[in-house]
Amino acid sequence: MTVNVSPSGALLIGVRGNLKIASEVTLARRHRQAKYVIAWVGEPGTAKEGQMEVTRLDRSVDLWDDVVIPVDVAESLLAGSGAGPKKAKTQAAS
């Protein structure tokens, strides 16, 4: 199952098998395939077991382009909504 996605990769959970960092894998979604490299694997016997982060190798295919908003568009949307990062208020010393 995919938990978190970005233009460069994804965090997957519920993954089984002998997962090794730097191994290449092919992922498929919505009738498309793309090559990724395993960047991180959750340690066996921990709460992170079965999780892995992958980084996209093939820049011509983005499996999650229908759900990821480009950074410039997201920043523009946040700026217009007032929901962007809040600046901390400072108080002058009396």
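Of the 94 residues in the chain, 23% count as buried (under 20% relative accessible area, with a 1.4 Å probe and protein chains only). The model is a predicted one, in which local features need pLDDT of at least 70 and side-chain atom pairs count only at pLDDT 80 or more, while totals for chains, interfaces and linings use all residues. Residues are numbered from 1 along each chain as its sequence is written, and side-chain values use heavy atoms, with hydrogens and water left out.

Read from the N terminus, the order is β-β-β-β-β-α. Strand E1 (residues 2–6) pairs with strand E2 (residues 9–12) in the antiparallel sense, over four bridges; pairing requires at least two bridges found by DSSP. Thr2 has Leu12 in E2 as its bridge partner, and a hairpin of two residues joins E1 to E2.

Arg56 is buried yet has no salt bridge, and the nearest side chain of opposite charge, Asp62, is 4.2 Å away. A salt bridge needs a side-chain nitrogen of Lys or Arg within 4 Å of a carboxyl oxygen of Asp or Glu; Lys and Arg count as positive, Asp and Glu as negative, and His and the chain ends are not counted. The side chain of Arg56 does reach the backbone oxygen of Arg59, at 3.4 Å. Beyond its neighbours within four places in sequence, Arg56 is in contact with residues including Pro7, Tyr36 and Asp62 (heavy atoms within 4.5 Å).

Technical notes: Buried < 20%, exposed > 50% of the residue type's maximum accessible area, 1.4 Å probe, protein only. Polar contact = N/O pair within 3.5 Å; in protein donor to acceptor, adjacent residues only side chain to side chain.
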